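Subject: Structure for your review

Dear colleague,

Please find below the structure that I am handing over to you, together with its sequence.

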Amino acid sequence: MDHDDIGPSETERSVTDPDRSLLDPEVEVGIEPPVPSDTHSYAPSESGGYIEGQPLSSKSGRRSLGMYRQGSRRSDVSDLTSEGDLSSVEEGEGLSTPRYRGLARHGSSLYHTVTTSKYWSRGSGGSRFRSTRSGASVGNFVDPGPKQILTLFEWTEGGQQVFVKGSWDNYRTMIPMENIGSGVHRVVIPVPEDHTEFKFVVDGEERVSKNYAVNSYRTGLSGETMDVNVRRVKEDRSTQRSNGASVISEVDVYSPTQIEEYHSPWLFRFLYLAMFPSALYYFYWLIERGGNRVAPVNWIMFFLAEVLSFFSAVISLFAMWAPVRRQWRSLDTLKPPLDTTLWPSVDIVLCHYREPVEQIQESVRAAMRMDYPSHLIRVIVADDGYFAKPKAIEHTELGEDLHSMLAFEAQHDPLMEELLQDNGRVEHYTVRCKEDIVRPDCAMETHIIDYGPYGADVFAEGARPRLSLIARVKPADHHNKAGNINNVLFNSGTDGKLILFLDSDMRPEPNFLKRTIPLMLRAKDEDDIARLVLKDSDLEHFYVGAKDKPSHWEIDTDVSFVQTPQRFHNASREDYLAVRNSIFYDAIGTGRDGFGLTPFAGTNCLWRREVLDELGGIIYGSVTEDTLTSNKCHASGYVSKYACEDLCWGEAPVTAAAAMLQRLRWAKGAVQNGIFAFRDLRRKDPAGNELKEFLSFRRQSRSPHNRFVRLMFWLDSTMYPVLGIGAYMYVFVAMYYLISAQPPISPESVATLAGAFVTYYTIRYLVFFAAYWGVSQTDLLRAMETWFTYVIPHLIGMYEALNPNSKLSWVQNTGEGIRKHWSEWVNIFIAFMLIIGIIFRLIAFLTIDGGCRPWNSFGALFFGGFALVMIWPMTSMSLNERISGAPASVRNNNGVEIPIAPAMAIFTIAGVLFLASWVDAPCGIQSKEVQTFADTLAGELQ
């Protein structure tokens, strides 16, 4: 619909009708570009911009530049009006109210944007938003010139007061940008559909952004240059949303912007699909034409390794089919705002076992500093080491130290505690015995120690969050961490609407809750069928906070939890152990988020209590109970979201032994989760619960959770320990090649080699880099190395999962810092065998082969060298731990230090000796004699 088709009556209704609700069921919440926070520093100029040093007019200096709605299915229109026409706006209503959404300052007047059937919707790849055309004005219409396109401008480099100005009005107008937190400022304004140049004014200084292309111009005769950002604003006429079965989420209603995009998802999809025919032809070529039948063992082993490698690539890369990189508002900047009295209560649960008190003390302090109303937070230390062993009530020394530390952090006076206890007046220490235990499967007794504040002191100015210690007397089968958490959930009387789980070493940023809670909210829809079907008592599940207060927001009952990345302050720059796991947290996490199937990582995760109550708490049956619980949650129809921001920092393993034991636990849990999936394929809802039945029906009726997507993720999570066997097959091929000089393939010609092998691997590497475009090259290299270095813990974990009574190893918590483990000797042995094989091949080439057929020997050296490069970094750390006399703090994250200068000297001398020996070898002598004969013949002919 064009703006010429809109009559004055519709214009009047869209602007002045006071009964038009912001929560129109056909309208989703958008954003409201802001004005500067200091209203006395800037005022509107005659050109519609802002001038420093003048107070704002009471009529025209409103605190809004308008709201651009996303998802609107109707036109939002208004007269093109002058500033004087705003005098009719009532004081206090402003331009930010629903009646006046859409206003934007641009050029010489106030434009009220016409949004013609405007959608901000995610494309089929899940990595971009598209918008349809938007026009400008009706009424006393004046042609504004070039077509106006709503365009996002974003500044991500900090600053207090940030403006943008551009070539659309010769840089005269400074348009203020909204600070949405974390140094990010945004504004959405209509600009001409053309090649647009602009720059930012940050705290009075003109700057350009590194996120946009930059042009430089010479100014005047002085030869000085002026830098400006440049972008091409182009209309996207697409209005249709993808109906692909793998896409579940629509536009993120907390963001007006298009999702951050590193590359087109279509490039990845094309390469991913192209990988299949290239692989089929490559495997056919290996079987029929390319295999070396002189060395059938090496050929068959190489073929099996290639098949496993391809299968691993297929199931792991599928996660990047529809990545989502969210941008959203913080809890305190929602539009419309959510009053702090309606914010949900949160229990912050720090899971502790035997980690040092000093470590968890920093985590407690970080949780207590959370930027959130203190009376809505309860910090809980769920201590599983307070009692020495199952069925014992003797306190451990570590438990007593933990109690003293928490009392200190809460500013609790232990002397006053003893005095009150002697008089029977202590209420902060509660013991729940058998008759009060709801879940005896996880506790025989529950001990709850509250350190305050108590009663009305919780609401006092400057009050600290409530701090508690919850411990349990464990039954014989106490289910480890899962039982510890379930004891907190069901036996201790905790009642936070949301629960944040943290490991004892994780230290959240102050804005953690403000950044994650909005992803659990949605704009209230009064026409939601749930409000017609459910009883009033059941509707409290939708309330964010107090149910007796009105709000524009409600809990999204389809969302179960929000996961954030794990970041580590002690990870080294080289990261030989790959503890950053960036390929998962920076890429795969966003990919699974596109399907609503982000896994629970056990920490840094915000859950809805109602979902955990429905699931029966953390699920038993695996040492990675976190992933098992999220699998059960997704099977129940819930979605999960991923907040890809650095919101929490912890401690990572610093030795190869600790990292390998951690991977062993993950592998064991992955196989256990796979077994569990076969035992419990269907979720059984409690009968007679109308609320759960209704919500379950609505979740299950959605298309996104198709079985194929969940099957692919299940295969990826369960099979990776098995598929690692392919790495050892490559090592076997390398050793066989080094000893025999017989390659696994024997191409007939370069053309056939290029048509099969080269084509397949070119596509494989292209799709790999396209999928993980945003991951650093160092982290990509470490990810490839882990396929070789963590094979032995993966195999041990798989064996222990299949044989529960076996004790090849034992599961170790990350924080305890094991220095050595016997499984490291496997990597050391393989590395030294490869080194011996390389030396043997060099000698055999000169002696046994007589310097002949160098391509076979050099190919073997390349293959063996590649395997050695993959396995050496972690092997070097294991060796350093055993031969270095340096302190432990120096050995952490470091390998054997190789003296570069002597090594280069030895390499040079050895290289010269090798070449000299090659000349004297039979093939070398023969080549020399042939050359001498040729020179003699040439002389005679002359």
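The accessible surface of the chain comes to about 41,900 Å², and carbon and sulfur atoms account for 57% of that area; accessible areas come from the Shrake-Rupley method with a 1.4 Å probe, and for residues only the protein chains shown count as cover. Please note that this is a predicted model, in which local features need pLDDT of at least 70 and side-chain atom pairs count only at pLDDT 80 or more, while totals for chains, interfaces and linings use all residues. Residues are numbered from 1 along each chain as its sequence is written, and side-chain values use heavy atoms, with hydrogens and water left out.

Overall composition

The chain has 24 helices and 31 strands; these are DSSP runs numbered from the N terminus, helices being H or I of at least four residues and strands E of at least two. Of its 942 residues, 55% count as buried, where buried means under 20% relative accessible area, exposed over 50%, and partly exposed in between (1.4 Å probe, protein chains only). Among contacts between residues at least 6 apart in sequence, 79% join residues at least 24 apart; contact means heavy atoms within 4.5 Å.

Transmembrane annotation

An unreviewed UniProt entry places the feature "transmembrane region" at residues 266–287, 299–321, 720–739, 751–775, 825–846, 858–879 and 899–919. UniProt positions are given in the numbering used here, feature names are shortened, and annotations may be inferred rather than shown by experiment. In the model, the span 299–321 is 83% helix and 0% strand, with its end C-alpha atoms 33 Å apart. The span 825–846 is 100% helix and 0% strand, and its end C-alpha atoms lie 32 Å apart.

Strands

Strand β22 (residues 466–473) is largely enclosed by the rest of the structure, because 7 of its 8 residues are buried. Strand β19 (residues 377–383) pairs with β22 in the parallel sense over 6 bridges; two strands pair if DSSP finds at least two bridges between them. Within this pairing, V379 stands opposite L467 of β22. Strand β21 (residues 445–450) is joined to β22 by 6 bridges and runs antiparallel to it, with T446 having R472 as its bridge partner in β22.

Elsewhere, 3 strands form an open sheet of mixed pairing, in the order β24-β31-β28. Its edge strands, each pairing on one side only, are β24 (507–508) and β28 (567–568). Between β24 and strand β31 (residues 648–650) there are 2 bridges, and these strands run antiparallel. R507 has W649 in β31 as its bridge partner.

R608 belongs to strand β29 (residues 605–608) and is buried, with a relative accessible area of 5%. Beyond its neighbours within four places in sequence, R608 is in contact with residues including K497, M520, D556 and Y638. Its side chain reaches the backbone oxygen of T557 at 3.3 Å, and a polar atom of the R608 side chain lies 2.9 Å from the backbone oxygen of V559. The C-alpha atoms of R608 and I555 are separated by 9.4 Å, although the two residues are 53 apart along the chain.

Q359 lies in helix α4 (residues 357–368) and counts as buried at 7% relative accessibility. The side chains of Q359 and S504 make a polar contact at 3.3 Å. A polar contact is a pair of N or O atoms within 3.5 Å; within protein, one must be able to donate a hydrogen and the other to accept it, and residues adjacent in sequence count only if both atoms are side-chain atoms.

Aromatic pairs

A search of the whole structure finds 48 aromatic pairs. Rings of Phe, Tyr and Trp (its six-membered ring) pair if their centres lie within 6.5 Å; planes under 30 degrees apart count as stacked, over 60 as edge-to-face and the rest as tilted. One of the pairs is F276 with F310, edge-to-face at 5.9 Å centre to centre, with 85 degrees between the planes. F276 lies in helix α2 (residues 265–290) and F310 in helix α3 (residues 296–317), so the pair ties together parts that are 34 residues apart in sequence. F276 is partly exposed at 31% relative accessible area, whereas F310 is buried at 14%.

The rings of F757 and Y761 form a tilted pair, because their centres are 5.0 Å apart and their planes are at 40 degrees.

Yours sincerely
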